[in-house]
Amino acid sequence: MPQTKSTSVAPPTSAIIIDTHADTPQRFVDEGYDLSDPLNGGQVNFDSAKRGNLGAEFFSIWVEPDLWKGHYAKRTLELIDSVYQQAAKHPDKMRMAFSSADIVAAHREHKLAALMGIEGGHSIEDSLALLRDYYRLGVRYMTLTWSNSTDWADSSGQIDPKNPDDPKVPHTKEGLTEFGKDVVYEMNRLGMMVDISHVADKTFFRTLVISRAPVIASHSAARALCDAPRNMTDDMLRAIAINGGVVQVVFYSAFISQAFRDAALAQKPEVDKAIQAFKDKASSEGKQVTFGDLEKLQRSYADKIPRPPLSALIDQIDHVAKVAGIDHVGLGSDFDGVSGQLPEGIDSAADLPKITAALMARGYSAADCEKILGGNLLRVFREVEKVSKQLQSENRPRISEKQPFDKK
């Protein structure tokens with residue numbers, strides 16, 4: 001909760017601003033986009049990062065499951081490589097970061113710290129070996145699911161929280177299979193943050209039971225303010241606090257504003273029909289559909305819905321801070337991944353200081369803001385690294401080795 005009332009709206013100069021989710025790698029690969037280029041409708045480049053005092057960005061390694069079916073690992077590796085290519089081309093402006101200490105070091109060097117997080121456990125193709133390879137390549141968190149469930153974890157995109165045991169929908173018995181529990185443990189052992197954004201409620205609670213380290217929600221919001229299955233209930237927010245983790249509040253209008261969400265849902269049948277027609281036409285012409293193609297189409301519809309005010313985003317941050325506590329909230333924008341659907345006043349990373357000013361106007365102190373802007377995420381990252389060292393000194397057999405039966 002907020003501490004002492006502050007009359008100043010100037011952002012704290014010592015804060016390291018960390019954003020845990022930007023989908024810019026899609027642009028790197030599909031559009032040949034470079035961070036030195038103008039934004040051209042996007043939200044992240046070097047100029048906007050500098051103007052917004054952005055210190056560290058977790059670039060999302062997200063593989064669209066339908067477009068890349070059968071090639072998840074290939075696409076994952078191409079996206080990872082694209083981030084490295086940006087760092088190699090601009091060593092004076094950006095450096096790869098693999099630890100909490102690297103983030104701090106980059107901040108001292110006045111460079112953007114580039115980290116990576118996989119969005120969707122389908123990228124590991126049911127392989128712990130691939131998971132370890134991705135860690136070796138620099139991936140420091142993984143969202144257990146995207147909007148699609150895997151064989152070993154359930155997604156909020158497919159499991160209705162009001163009917164989680166619907167027999168017509170494939171799902172695991174406990175939210176995680178035995179292999180899924182092994183994935184969580186291996187992430188703990190490696191020092192890879194476990195991300196529970198996108199997972200079904202049952203998977204969320206099972207993960208918190210299994211994880212030996214604090215978890216993160218890299219880009220989530222509160223269901224009490226916007227009733228999206230992707231968002232977190234107050235019970236989930238309190239559980240994150242008990243776990244010691246952090247909820248990085250997403251900026252996507254359809255997750256922070258109920259009015260925007262309702263309008264988007266009303267529009268959805270028309271949008272889905274247009275997308276399918278676009279895919280069918282591309283297929284008939286032998287063309288590869290990209291995420292950028294679909295985003296432009298989706299944006300042409302979403303732009304017709306009025307943007308929610310900035311206060312809707314601040315309300316979300318405030319709610320998480322009040323329910324989970326000031327030590328358990330941060331920022332996970334989803335820049336370059338939401339078809340430009342952001343609240344009024346937030347058009348790129350350059351606008352991040354507006355969030356600080358709005359929080360301080362509501363009575364959040366400079367110390368509070370430092371935690372929200374990045375301090376809380378750094379604390380969790382350090383604890384994950386500490387737990388990793390502890391687990392690597394153990395010799396624990398995998399759950400699936402001890403219990404080699406299927407509990408789906």
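Is Glu-186 buried or exposed? Select Glu-186 to find out. This is a predicted model. At 7% relative accessibility, Glu-186 counts as buried, because the cut-off for that class is under 20%.

**Stop 1: helix α6**

Arg-189 has 25% relative accessibility, so it counts as partly exposed.

**Stop 2**

Now select residues 139–143, strand β5. Five of the five residues are buried, so β5 is largely enclosed by the rest of the structure.

Pick out Met-116: its bridge partner in β5 is Val-139. To follow the chain from β4 to β5, colour helix α5, residues 128–136. This β-α-β crossover is right-handed.

Next, show strand β6, residues 193–195. β6 pairs with β5 in the parallel sense, over three bridges. The chain gets from β5 to β6 through helix α6, residues 178–190, in a β-α-β crossover that is right-handed.

**Stop 2: the cavities**

Rolling a probe the size of a water molecule over the atoms shows where empty space is left. The structure holds two cavities of 30 Å³ or more.

Move to the second largest cavity, with a volume of about 30 Å³. Select its lining: Gln-26, Arg-27, Asp-30, Glu-31, Phe-291, Gly-292, Glu-295 and Asp-336. Which helix supplies the largest share of this lining? Helix α1 does, with four residues. Colour α1 (25–31) and α11 (291–302): each supplies at least two residues of the lining. By class, this lining divides into one nonpolar, two polar and five charged residues.

**Stop 4**

Side chains of opposite charge can pair when their charged atoms come close. The count for this model is 27 salt bridges.

Go to helix α8, residues 234–243. Asp-235 and Arg-238 are three residues apart here, so about one helical turn separates them. Their side chains meet in a salt bridge at 2.9 Å, N to O. Arg-238 is partly exposed, with a relative accessible area of 40%.

Then select Asp-303 and Arg-299. Their side chains also form a salt bridge, at 3.5 Å, N to O. Asp-303 counts as partly exposed at 46% relative accessibility. Arg-299 is partly exposed too, with a relative accessible area of 28%.

Show Arg-95, Asp-102, Glu-109 and Lys-111 together. Salt bridges that share partners join these residues into one network.

**Last stop: His-71**

Where does His-71 lie? Look in the loop between β2 (54–62) and α3 (72–89). His-71 is partly exposed, with a relative accessible area of 44%. To finish, draw a distance from His-71 to Leu-391, C-alpha to C-alpha. They are 320 residues apart in sequence and 32 Å apart in space.

Terms used
Residues are numbered from 1 along each chain as its sequence is written. This is a predicted model: local features need pLDDT of at least 70, side-chain atom pairs count only at pLDDT 80 or more; totals for chains, interfaces and linings use all residues. Side-chain values use heavy atoms; hydrogens and water are left out. On a 1 Å grid over the protein atoms alone, a cavity is a set of points where a 1.4 Å probe fits but cannot get out, and a pocket is an open set with protein on both sides within 12 Å along at least five of seven lines; lining residues have an atom within 4 Å of a point. Grid points are joined across faces, edges and corners, and a volume is the space filled by probe spheres set on the points. Ala, Val, Leu, Ile, Met, Phe, Trp, Tyr, Cys and Pro count as nonpolar, Asp, Glu, Lys and Arg as charged, and the others, Gly among them, as polar. Buried means under 20% relative accessible area, exposed over 50%, partly exposed in between (1.4 Å probe, protein chains only). Two strands pair if DSSP finds at least two bridges between them. A crossover is right-handed if, with the strands pointing away from the viewer, the path from the first strand over the helix to the second runs clockwise. A salt bridge is a side-chain nitrogen of Lys or Arg within 4 Å of a carboxyl oxygen of Asp or Glu.
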